[in-house]
Amino acid sequence: MERTAPDYAALVLLLPALGFLASALLGRWLPRAVVALVACGAIGVAFVAGLSVTMQMAALPAAERAQRLVLWPWIFAGDFRVSLGFLLDPLSLFMVLVVTGVGFLIHVYAVGYMHGDPGFGRFFAYMNLFVLAMLVLVLADNVLLLMVGWGGVGLCSYLLIAFWFERPEAADAGLKAFVVNAIGDVGLMLAALLLYGRIGALDYATVLSQAPQALDQRAATLVALFLLVAAVAKSAQLPLHVWLPDAMAGPTPVSALIHAATMVTAGVYLIVRLHPLFVLAPEVLALAATLGALTAFFAATLGLVQTNIKRVMAYSTVSQLGYMFLAVGLASFSAGMFHLMTHAFYKALLFLAGGAVIHALGGEEDLRKMGGLRQRLPVTYWSFLVGTIALSGVLPFSGFFSKEEILSAALAGPRANPLLGLLALATAGVTAAYIFRALLMAFHRPPDEPEHARHAHEAPPVMALPTLALVALAALGGLVQVPGVSHAVEGWLEPVFAKAHADVVPPFSPWVTALSWLVALAGLAVAWRVYAPPAKEAPRVPSGLYRLLANGYYVEALYSAVFVRPFRALARGLGERVDRGVVDATLDGIGQRLADLSRGLRWVQSGYARSYALAMLLGTVVLLWYLLWK
Amino acid sequence: MEAALFWPLALVAIVAAVAVIAARNAVYSALFMVVVLFCLALLYLSLGAEFLAAVQIIIYAGAIMVLFLFVITLLNPQALPEQEHLPGQRWLGLPLLGLLVLALVAVVASAAWRPLPPSTLPANNIVAVGQAIFRSYLFPFEITSLLLLVAIVGAVVLAQRRA
Amino acid sequence: MPLEAYIALSAVLFATGAAGVLLRRNPLVMFMAVELMLNAANLAFTAFARARNALDGQIFALFVVAVAAAEVVVGLAIIVAIFRRRASIDVDEISTLRG
């Protein structure tokens, strides 16, 4: 090999970094076309570089498909040694391709979506930084560098959700995302400290190979639990899901990027990357599976009643991430990663198509005010339809294959858990129902305000082309791994799990396939019955249940009562009593005494040169006599 | 020989020094100052510092005191007003000066007062001083030149007439 | 002659100069008093150089002369500048820097 893989690998990180710098420093002065070209080009070429590295890696024997790329020493202090090092293995490259590939399409789409926004350069600077942070996160070869990416992703999500910071709800949503993510950051930090305390190193190779010896049962459980807290916060699982629906306040491409390519998948990646630690703590893994299944069902039911098109998709993301957690919780790591990939395709597609609707209606996000758009926006309609079917899990679209694997793992695999499996199966039906409902409300139902729809116009090519590319991916992306036929994802990721023999590959079971298909079709049928065009009146849902769902099971109200309000009261009390009464009073007092003292000493500075000379003489005499006396 | 030179010179120097600070007119002060400087130059000669003695005459008496006289005649200050701004200056300053003298006298008086040992300084003082300056003290010497340059520039800036 | 005689003369001249600085209000005379103090120090330097049979004291005195020259030039320039502005050279009237 004349060119080794790590060279291009550095390019994968370097290009988004340069793109960020260019947009951040010069974005204000450069023409928009240049900013767009640089930002999209950086991600696009990074994708090509990642692809090239992957191809070269694929040519190697499986055992050698893990290479370290150490750029330079980072922190060397005594025994504590951490390098700025990156790990290229099937798992990280898989993530790199998803992040840069889907990220690139979203970038291109954003050029059209954000045209005319005064913060164009700032937007693309944040977007590139977001992708860079995510790449650092997935490529890091030690826990500390992972935390850098982890924190960077959190920062960028804050910056982008609050991108339209002049809107109070956007600023609040950004803050909420940041605060909830901080809970996860603390979990990750505690896990890292514990690992360093027990093992004395932070690089994956040492940590993962020595963990079985160095960690006793209690420590292993604690580490896994802290890591799970981090993953749950980042991936918006119960009970820390509250930030994701509010994150819709950002521009739609940001939502697409957060939901599909970056950010929320980081939690799943964390668990898969550090799976040997979770294997040591089976109860925590079971907890992850339970949380995942519960979240999947819970968020899917919430998706049924949302009136904002983006909130439907937000709860959909929470729900789909629940599936991934269920998969990794059942130790079917590659199934989780497969679903991560297909979800990235169809969720990005749904967001881009939904964004096109919002764009066409001049920023309208309320499903009740849409309707009848099928004729006006045919391309968008068909794109959204493909996304809907893929998400519902109808053969042969991508969502079917990955979801089917997860359901097989839960119902028929060696670690099958019937309770969670049935919950996941029910979720599949609800999923089909809520997304079909959104489709019907937006495109089929006769519009309440016909003139609204009449002004709708199809998206420009710069937005339509990435959407169509995602249509292809969402429709056909699942075919890389057809149960019982091909195992591309499992086979590719196999070396990562080989050492621990950790990956549980779900068996192919025809009855699960049939069942999941039936449930999905049932969900579609229910949605059609209730929301099909002629029925204009609101669907009849028991009002108590409706209120429960519309309020998100009152989780927000609970947090507000338990955490937010007492904390505010405490802060106000401290601010009034302690800060003003004690801290300010002390400092003001010191300042006042000093001012008094200075006023008393003013006469010393008389301005008379001869007085100063006298003082000097006095000093001389005192010193002289002191020396003589001694 | 040395004693015969020292005592008269010391007496003249002290009397002239007191006259410098006591004279009403600044011109007289300057003239008495020249007398002090001459006495010191002679004492330097007797101490074997011929070069320093020459510098004393040429720089101090020749240049610096002439500069003083220029400024005095340029400004031609009227007699100062009798009003004293600092009434305590005299009553505090004189006792303090007394204490200073007392301390110095105490030190000097308690010493042995033995005659100086025979001089072993180089016979040719000027050559020896020149070699010392340009060898051991070259760096301070160069710094001094810089200091003088700064002083010249400063004086020009300070004394120029502003438009 | 004993060294102590020179030191005693130096001490007397120094005290006289200090008295001039403290008691006179004419800045020109104050300057001359300062020169007197510097010369007293120079005498001590030279005497010690003779007593120790080393040249360093003399060199030091030379540097003192150079520094004194610089000081006088700047000092006199300041006096001229002040006199131009206020038509008076009473140091006690120059107390603008009073605290």
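**Exercise 1. How many cavities of 30 Å³ or more does the structure hold, and what lines the largest cavity?**

Step 1: The structure, a predicted model, holds 3 cavities of 30 Å³ or more. A cavity here is a set of points on a 1 Å grid over the protein atoms alone where a 1.4 Å probe fits but cannot get out, and lining residues have an atom within 4 Å of a point.

Step 2: The largest cavity has about 70 Å³ of space, volume being the space filled by probe spheres set on the points, which are joined across faces, edges and corners.

Step 3: Its lining includes Tyr109(A), Glu458(A) and Met463(A). H20(A) gives the largest share, 4 residues.

**Exercise 2. Which residues line the second largest cavity?**

Step 1: Its volume is about 40 Å³.

Step 2: Among the lining residues are Phe400(A), Lys403(A), Glu404(A) and Ser516(A).

Step 3: Here the largest share, 4 residues, comes from H17(A).

**Exercise 3. How many residues of chain A are in contact with chain B?**

Step 1: Counting contacts (heavy atoms within 4.5 Å), you get 10 residues of chain A against 14 of chain B.

Step 2: Now look for salt bridges, meaning a side-chain nitrogen of Lys or Arg within 4 Å of a carboxyl oxygen of Asp or Glu. The count between the two chains is 0.

Residues are numbered from 1 along each chain as its sequence is written, and chains are lettered from A in the order in which they are written. Local features need pLDDT of at least 70, side-chain atom pairs count only at pLDDT 80 or more, and totals for chains, interfaces and linings use all residues, while side-chain values use heavy atoms, leaving out hydrogens and water.

Notes
1 Å grid on protein atoms, 1.4 Å probe; cavity = no way out; pocket = protein on both sides within 12 Å on 5 of 7 lines; lining within 4 Å. Helix = DSSP H or I, 4+ residues; strand = E, 2+ residues; numbered from the N terminus.
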